[in-house]
Amino acid sequence: MTSKILAIVPAYNEEENIVSTIEDLKSSAPGVDCVVIDDGSRDRTAAICRERGYRCISLPVNLGLAGGFQTGMKYALRHGYDYAIQFDADGQHSAAYIEPMVEFARTSNANIVIGSRFCNQKRPLSPRMAGSVLISAMIRLTTGARIKDPTSGMRLFDKSMIPLFANELDYSPEPDTIALVARNGAKVCEMEVEMRERAAGESYLTFTKSVSYMMRVCVSILFAQWFRKGNR
């Protein structure tokens, strides 16, 4: 039986990248549906989606990645999808990996598959990668799971995960939530993928924001997740 697969594409001010991203999905993953979550963009992201006939949900205000992704998961739950994948709008992810990730999830019985840059190669030396190493260590310490690329934004979720991320307000597509579901019995695996540089525009993660993000995630993994609700 053919699985229903949804690519969730949160987009905030991605007018320069959204067409190439969606066209890559259409050409490289023709069996995968996609929905753009326009997260209160102030540019022409939503207008471009309408002009080109892309499926798009426009949020009236910017909710951030967690809110945008949850909107997509609610859509996936409402329409009965078997798998949902978080797919960046900035052109860094390649749609050619989506169906192999789904097949990997099937054969490994994984609930979450992370598209990893570092399964078969070492992480480059940089402050951001040092933070990634630290987050990996925190996840290993608290769950026993070995995740080499915890900050990858390319994550596939199976049907058992979709209701959790759709309905639980504190379930965001971030490493601390991945650690939480792993601690509560979900099987989290990684599959090697290649990622491109951002095609255009600028990432919202400046150096200062990156450091703050890494510290917040580590504190959440070590302390806050023990007080969060488990749903497995």
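In β4, A7 finds its bridge partner in I85; strands here are DSSP runs of E with at least two residues, helices are runs of H or I with at least four, and both are numbered from the N terminus. The model is predicted, so local features need pLDDT of at least 70 and side-chain atom pairs pLDDT 80 or more, while totals for chains, interfaces and linings use all residues. Residues are numbered from 1 along each chain as its sequence is written, and side-chain values use heavy atoms, leaving out hydrogens and water.

Strand β1 (residues 5–11) runs parallel to β4 (residues 83–86), joined by 4 bridges; two strands count as paired if DSSP finds at least two bridges between them. On β2 (residues 33–39), β1 pairs in the parallel sense over 6 bridges, with D33 as the partner of L6. Because 7 of the 7 residues of β1 are buried, the strand is largely enclosed by the rest of the structure. Buried means under 20% relative accessible area, exposed over 50%, and partly exposed in between (1.4 Å probe, protein chains only).

Now to the charged side chains. A salt bridge puts a side-chain nitrogen of Lys or Arg within 4 Å of a carboxyl oxygen of Asp or Glu, and the count comes to 5. One of them joins D82 and K159, whose closest N and O atoms are 3.5 Å apart; the two residues are 77 residues apart in the chain. D82 is buried at 17% relative accessible area, whereas K159 is partly exposed at 48%. Another salt bridge links R106 and E103 (3.0 Å, N to O), both in helix α4 (residues 98–108) and about one turn apart.
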